[in-house]
Every structure is written in structure tokens, then in C-alpha cells.
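Please look at the structure first.

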Amino acid sequence: MFDLGLMLTSQAIRGQLAAMPHELYLIRLIHGLTKRPFPGERLWTADQLMNLATIRFLRARNREGCDIYVHPYAQDHNAGYILVDLDRAEPTVVAAMCAQGHEPCVVLQTSPGHLQAWVHVGATPVPPDIATAVGKRLALTYGGDRASTDWRHLGRLAGFTNQKPQRRAHDGCAPWVRVVYTHLGLARQASELLQSAAASLSESAQPTHLDPDRVPGSQPGAASAITVAQATAIYQTWMHRWQIAQRFAPPDWSIVDLWIARALLAQGWPLDQVQIIVRLGSPHFPRCHTNPDDYLRRTLARALAFPSPGPPVCVAHDRTSAAARRANRACSNSAGGQ
């Protein structure tokens with residue numbers, strides 16, 4: 001008898017694995033309600049995972065309440081695939097990742113408004129510390145879950161339902177995990193991501209103590225692991241998230257610099273790195289500033305004195321219409337955890 005559900009699950013698995021090819025995949029089943037793992041962890045090839053008997057077994061466990069997770073397996077290394085858990089992702093996040101050369105090989109919708117992205121950064125296994133550092137950098141850049149950045153973090157397998165109780169629809173139905181984007185191959189900036197992660201680990205820098213009364217000026221001779229491309233990507237991601245270009249014409253870049261500095265500090269970025277991101281990522285910097293170092297020092301001092309973890313309320317252009325102001329308030333009210 002023809003089983004439409006079985007065929008749809010098979011197609012979804014095939015689409016995901018084709019875009020993230022590897023020799024072996026670790027499969028883990030975890031009960032969505034009790035959080036208890038199904039006994040045993042299994043290693044399967046793509047052909048074995050595509051076997052209809054295997055899919056029937058996984059579908060049966062999924063109906064019993066288990067979530068189905070996968071990770072490309074490379075023993076004590078990362079297989080070259082980095083998971084970015086884009087919880088409550090912005091609609092433009094995938095486009096932003098592609099624009100900056102961090103294009104995912106697979107993007108899954110795990111429930112409405114929730115995405116998981118796999119970024120292919122290495123054709124050979126990657127050491128755990130470097131893979132974790134790359135995961136943290138991508139999560140910070142694109143607003144991902146920083147608690148889901150370890151080198152062997154599991155992602156969902158497409159074609160099954162998300163059994164988390166809080167993800168169920170109003171009618172009680174569990175949402176399907178769907179493939180929404182695929183791109184076979186390494187991310188364009190994969191090499192740069194690995195090199196930057198290795199450089200940041202070699203520096204072994206301790207986090208800077210954030211003291212609003214002692215904001216250091218820039219030090220041109222200091223080495224930084226943050227490149228111009230990375231700083232621009234981080235800055236532009238926050239601009240896209242807050243729709244700065246759409247809401248302000250033209251933007252007051254001094255105010256945008258302050259907002260982004262506040263947001264990065266609230267996320268735990270070290271002070272010297274925030275300064276570098278604003279210096280390298282702010283459009284046309286130093287613009288008309290006669291003393292850029294003093295401008296950065298004063299901007300970070302204000303960001304430290306008046307922290308604001310949420311998106312900005314648009315008070316700089318209060319001449320806007322009542323409708324625009326209502327939209328700004330809605331934007332402010334939508335702030336929350338990633």
C-alpha cells in the first residue's frame with residue numbers, strides 16, 4: 001500500500017543529506033516531554049538512513065514522542081559542519097548569511113519562526129575547539145542561540161515532527177521539520193572563519209572588565225581577530241534586524257553606533273572588540289569626526305552607562321507619523337531572548 005507520509009519523510013531526509021554529504025551520521029532520539037534519550041546511539045550511512053525500514057522505525061519512534069536528531073560523525077573531531085540554532089530568526093537572516101559568505105548548506109524550519117542552519121566550513125575534520133569558536137562567532141553574528149554552539153551539537157533531521165510541547169499549534173498538532181534552503185558546498189568564507197577562530201584561540205585573551213569610568217581609547221598597534229568583513233557583517237546584521245534603512249532616511253550614524261554598541265555589550269562582547277566592530281563596520285567611518293578615537297571612547301562610555309539589550313525606540317526622528325511611531329513601539333515590544 002502506498003504510504004504518502006513515508007515518501008514525504010524520505011524526500012525530506014534525502015534533501016537534507018544531499019546538501020550535507022558525509023560518510024557517517026550519528027542519530028539520537030530524545031523524548032520531547034521527558035527529555036529521556038532512546039536507548040543507544042546509532043551510526044548510519046546515508047544509504048542506511050534512506051532505507052525505508054529505517055525510516056519506518058524512526059517514524060514510529062517520532063509518533064511515540066521522540067525528536068529525531070542528527071550530526072555528521074567524525075569521532076573526536078567536528079566533521080566540518082557547524083550548526084547555528086537561529087531561534088526566533090529574522091526573516092532576512094539567511095540572505096544576510098549568504099551576503100557575507102557564510103551561506104548555509106542546509107536551513108531547516110523546525111517550527112514556525114524557528115530555524116536551524118548548517119554551515120559547511122571544512123572538507124576535512126575540524127578540531128573541537130576551533131569548531132566551537134566558529135559556532136560561537138556565527139551565533140553572535142546572526143543572533144543564534146549561544147548555548148547551542150559546541151562542536152558536536154545535534155540538529156534536527158528533516159521529515160519528522162517537533163515534539164516539544166511548547167512548539168505545538170493551537171490545535172495540538174506538532175509542526176513538521178522542513179527543509180527550506182539548500183546549497184551544496186563550502187561557505188565562501190569558510191577558510192576565513194577557520195583562520196579567525198584559530199587566531200582568536202591562540203591569543204587566549206581574557207574578557208575585558210567593563211568599567212564605564214575607564215573606557216580605553218583605540219590602540220592602532222593592537223592585533224585583532226575581527227576583520228573588516230566580519231565587523232561589517234555584524235553591524236549590517238543589527239541594521240537589518242532593526243530595519244534602520246527603512247525607518248530612517250538618512251540614518252543618524254552616531255545614534256546607530258550607540259545602539260549597536262549597547263546591543264553587543266549586552267550580549268557579552270568584550271569592550272575592545274565592540275570598539276573595533278564600530279570602527280570597522282560603521283558606514284563611512286570616521287565620517288566628519290575630527291577625533292575618531294575620542295568619538296569611539298565617548299560612544300562606548302554612553303553605551304556602558306545606559307545599557308539597553310533590546311532594539312531601539314526610534315526617538316531620533318520624532319517628526320515621523322503616528323503610524324510610524326506605533327510601528328517603532330511594536331518593534332521595541334518585540335525584543336526578547338534569541
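At what angle do H7 and H9 pack, and how far apart are their axes? The angle is about 100°, and the axes are 11 Å apart. Axes are lines fitted to C-alpha atoms, for helices over the stretch in contact, and angles run from 0 to 180 degrees between N-to-C directions. H7 and H9 are therefore roughly perpendicular to each other (65 to 115 degrees counts as such).

The model is predicted: local features need pLDDT of at least 70, side-chain atom pairs count only at pLDDT 80 or more, and totals for chains, interfaces and linings use all residues. Residues are numbered from 1 along each chain as its sequence is written, and side-chain values use heavy atoms, with hydrogens and water left out.

**The chain.** The secondary structure comes to 12 helices and nine strands. These are DSSP runs, numbered from the N terminus: helices are H or I with at least four residues, strands E with at least two. Of the 338 residues, 47% count as buried, meaning under 20% relative accessible area (1.4 Å probe, protein chains only).

**Helix H7.** H7 covers residues 228-242, 15 residues in total. From first C-alpha to last it reaches 21 Å, close to the 21 Å expected at 1.5 Å a residue. That expected span is 1.5 Å times one less than the number of residues. Buried residues of H7 include Ile234, Tyr235, Trp238, Met239 and Trp242. Those five residues of H7 also make its contact with H9. Contact means heavy atoms within 4.5 Å. From H9 come Trp253, Val256, Asp257, Trp259, Ile260, Ala263 and Leu264. Gln243 follows H7, with a positive phi near 55°.

**Helix H9 and its partners.** H9 (residues 253-266) also packs against H10 (residues 271-281). In that contact, Asp257, Ala261, Leu264 and Leu265 of H9 meet Leu271, Val274, Ile277 and Val278 of H10.

| Pair | Angle | Axes apart | Residue classes in contact |
|---|---|---|---|
| H7 and H9 | about 100° | 11 Å | 11 nonpolar, no polar, one charged |
| H9 and H10 | about 150° | 10 Å | seven nonpolar, no polar, one charged |

Ala, Val, Leu, Ile, Met, Phe, Trp, Tyr, Cys and Pro count as nonpolar, Asp, Glu, Lys and Arg as charged, and the others, Gly among them, as polar.

**Ser111.** Ser111 lies in strand E6 (residues 106-111). Is Ser111 buried or exposed? Ser111 is buried, because its relative accessible area is 2%. Leaving aside residues up to four places away in sequence, Ser111 touches Asn162, Arg167 and Pro175.

Notes: Buried < 20%, exposed > 50% of the residue type's maximum accessible area, 1.4 Å probe, protein only. Parallel < 35°, antiparallel > 145°, perpendicular 65-115°, else oblique.
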